[in-house]
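Here is a friendly walk through the model, from its overall dimensions to its cores and one of its sheets. Keep the viewer open as you read.

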Amino acid sequence: MASASVHEAAASGQSVVTRFAPSPTGFLHIGGARTALFNWLFARHHGGKYLLRIEDTDRARSTEPAIAAIFDGLEWLGLMGDEPATFQFARSDRHAEVAHKLLAAGYAYRCYLTQEELAARREQAQAERRPFRIVSEWRDAAPETWPADLPYVVRIKAPREGETTINDQVQGSITVANAELDDFILLRSDGTPTYMLAVVVDDHDMGVTHVIRGDDHINNAFRQLLIIRGMHAVEGGWPDPVYGHVPLIHGADGAKLSKRHGALGVDAYRDEMGILPEALFNYLLRLGWGHGDDEIISREQAVEWFDIGHVGKGASRFDLAKLLNLNGHYLREADDARLAGLVADKLGGEADLALLEAAMPVLKVRAKDVNELAASAAFLFAKRPLTIEDKAAALLTDDARALLGAIHERISGESDWSLAALEVSLKAMAEERGLGLGKLAQPLRAALTGQTTSPGIFDVLVLLGRDESLARIAAQALPAPAQLA
């Protein structure tokens, strides 16, 4: 049975519902963030609903800090669900209920094969160089033959003949012979549900119409359809979801994205790398999906344009340089007060927010991330005596220090400490001495910031103010010789 398209679902009056369902075993992975983004966008584009589910059935690895980290990353990206998140473990009784319905209707069976028996059969298959398939003698055993006092698992009764086709919205039509599907476990011997069962039941009960996830789940889709179609036969009202399996993200070398490629967690892009959420949102959007040649795409445009069918079938390569370039664009577009707050957090201490905000227009034009922005702003709050970088110290020769003395004498008499007035005064001074403005600006920058790079020198003078500027210049200046005075 083919999946209904989104258009067929809409025509039947069924609204689109998507979900993002991470396992809380660590940070929000960058690939998971893109999956959440695609689900959010698809739901928004079709006027539907986007839900969150925390798949916390692995009790040994699921932690509260990991759950908090996932929520934190999603909130930062603006991808929290439209309703409070569902927690999978809390629904274990409901999952088991469905398994028992399948069991009662003959779509599942009790399997009493022991681990030792399964291991022996697996070893035999390996020795004979053939794929291992579970062929359980309990598959068709009559209920009256079930042992009363032995542990068992509940397995799905996969069809042995025919084939199953999925019309995947990304990958296209995919067909698998049913003989390739195994009788996987629904309930373990302790009665707890498996992931495969829990996912299907939760998707159904949450009303999920479209399952958009990584293409590493394609094989799971065929297995999960066995449960869905079994329950549809048992009680009706269990339609196939529409699947869209998105290719995974690879590193620049073409290998699957891993720790060796750099940061994997969304929190690292924010906290360690200084990326803005709108930049990461835009970058992840363009990682495997496109709209013509458009590179800068707002959230509003993304909602209007996005459709899962335009996601490419091939894996996308994560390019950090492109992300940083995009981040630089969003830094330049960002509100100055907001950036001042982000930089203040990076600098620590009691940074002057008003001064930072005033400095943002000249600082943000050069930066590609918030860390660079903070580094470029640090000179504003440096204490005297200023730490002078080696390259800057090399500029402070005796001649340069003497020139600083003359500059100090010249501008200390300025009554108008504005960018325009200081520019006129120092340009005139350079012309009077037959020097390019750079000959004045280089030692002046070193004295004012301790660095060889900074915003425009007149901006630096204005931002630091008269008293601090003159004090920093005086600390590096030699008394001006008479001919320079």
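The protein has a radius of gyration of 32 Å, whereas a compact globule of 485 residues would be near 23 Å; this radius is taken over C-alpha atoms, and the globule rule is 2.2 Å times the number of residues to the power 0.38. Please note that this is a predicted model, where local features need pLDDT of at least 70, side-chain atom pairs count only at pLDDT 80 or more, and totals for chains, interfaces and linings use all residues. Residues are numbered from 1 along each chain as its sequence is written, and side-chain values use heavy atoms, with hydrogens and water left out.

Along the principal axes, the C-alpha atoms fill a box of roughly 115 × 50 × 40 Å. Buried residues (under 20% relative accessible area, 1.4 Å probe, protein chains only) make up 45% of the 485 residues.

Now to the interior. A nonpolar core is a set of buried Ala, Val, Leu, Ile, Met, Phe, Trp, Tyr and Cys residues joined through side-chain atoms within 4.5 Å.

| Core | Size | Residues included |
|---|---|---|
| Largest | 93 residues | Leu280 and Leu461, with the most contacts inside it |
| Another, apart from it | 35 residues | among them Ile156, Met196, Leu225 and Ile228 |

Beyond its neighbours within four places in sequence, Leu280 is in contact (heavy atoms within 4.5 Å) with residues including Ile30, Trp76 and Leu323.

Finally, an open antiparallel sheet has three strands in the order 4-5-8. Strands are DSSP runs (E, at least two residues) numbered from the N terminus, and two of them pair if DSSP finds at least two bridges between them. Strand 4 and strand 5 (residues 153–156) share four bridges, with Arg110 opposite Val154.

Conventions:
Buried < 20%, exposed > 50% of the residue type's maximum accessible area, 1.4 Å probe, protein only.
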